Amino acid sequence: MVIASPARIAPEDTLSAAMKKGSAVEHEQAEGSSYMAALLDGRMDAAGYIAYLQRLRLVYDALESTGRALADDPIASAVIDPALDRLPAIDADLQHWAPNGVPEVVSPAAAAYVERITDSVTWGGAFVAHHYTRYLGDLSGGQAIGRILDRSFDLDGAGIAFYAFDEVGKVKPYKDRYRDRLDQVGAAMSYDDRQRLVDEVRLSFGFNQALFEELSELYPGR
Ligand code: HEM
């Protein structure tokens, strides 16, 4: 049986609260993926981490190029911020982990996720859902993941640029401002559009889950 977060959002909830509540169960499932568990327990090898970075590269390339196409969109522009861009950090990390280059990545899970992100160019609300799921996650649990990787791979800060958001300033106030901006655009949206946006957040979590499942099969860890 697949357990999911409540399907309908509460009309009185702010958009940021509806997004968080609407994906709480999916978030827990993402935390419980066996790839993540192996990575965080220090049971993943470098090849498994490189494979993750390669998939993230495809995802962030789609997020950041779609974001540029939506720069003037009234909804999407509430969250778009070049200070969040992860592509340069991912490239720097790949250079660290695989200085001699990486094998070509074949990832049906990433391809499906990328297609969905690219399609969100047709509605800023859908783009916001994908933006939130990745970047607010990176600014939240992602921060702890970066610290754990640093310790378990003995990196001394190298190869984990992905987790360092030097240009956003202090993370907690940034996330608070991000949620405020979500709430402002949410207040101007209809209930149905907020519902549609939250549905897209849950879908976005599902694409991430599929990515982890693909990685778990390819790299079960030690
Ligand atoms: C082991 C894996 C993970 C851990 C330990 C983790 C942990 C956390 C924690 C502790 C928070 C709350 C931080 C706060 O309130 O400021 C959080 C928030 C969040 N996480 Fe995760 N997370 C994990 C995986 C993921 C994944 C795979 C995604 C999606 C790709 C994700 C997306 C988010 C989002 C969007 C938030 C913000 C929720 C909100 O405040 O609206 N997380 N995570």
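What follows is a short exchange about a predicted model.

Visitor: Which positions carry the "binding site" feature?
Guide: The unreviewed UniProt entry places that feature at K20, H27, Y132 and R179. The lining of the largest pocket takes in K20, H27, Y132 and R179 from this set.

Visitor: What makes K20 count as a lining residue of the largest pocket?
Guide: A lining residue has an atom within 4 Å of a pocket point. K20 is in the lining of the largest pocket, so K20 meets that cut-off.

Visitor: Where is K20 found, and why is K20 called exposed?
Guide: K20 is found in helix α1, residues 15–22. Its relative accessible area is 54%. Exposed means over 50%, so K20 is exposed.

Visitor: Why is R179 called partly exposed?
Guide: R179 has a relative accessible area of 25%. Buried means under 20% and exposed means over 50%. The value for R179 falls in between, so R179 is partly exposed.

Visitor: Where does R179 lie, and what does R179 touch?
Guide: R179 lies in helix α9, residues 171–187. Leaving out residues up to four places away in sequence, R179 touches S16 and L136.

Visitor: Which residues touch the most other members of the largest nonpolar core?
Guide: They are M19, Y49, Y52, Y60 and L197, out of 62 residues in that core. Helix α4, residues 46–69, gives the largest share, 10 residues.

Visitor: What does Y52 touch beyond four places in sequence?
Guide: Y52 touches Y35, M36, R134, Y163, F212 and L215.

Definitions and conventions
Residues numbered from 1 in each chain as written. Predicted model: local features only at pLDDT ≥ 70, side-chain atom pairs only at ≥ 80, totals over all residues. Heavy atoms only, no water. UniProt positions renumbered as here; feature names shortened; annotations may be inferred. 1 Å grid on protein atoms, 1.4 Å probe; cavity = no way out; pocket = protein on both sides within 12 Å on 5 of 7 lines; lining within 4 Å. Helix = DSSP H or I, 4+ residues; strand = E, 2+ residues; numbered from the N terminus. Buried < 20%, exposed > 50% of the residue type's maximum accessible area, 1.4 Å probe, protein only. Contact = heavy atoms within 4.5 Å. Core = buried A, V, L, I, M, F, W, Y, C linked by side-chain atoms within 4.5 Å.
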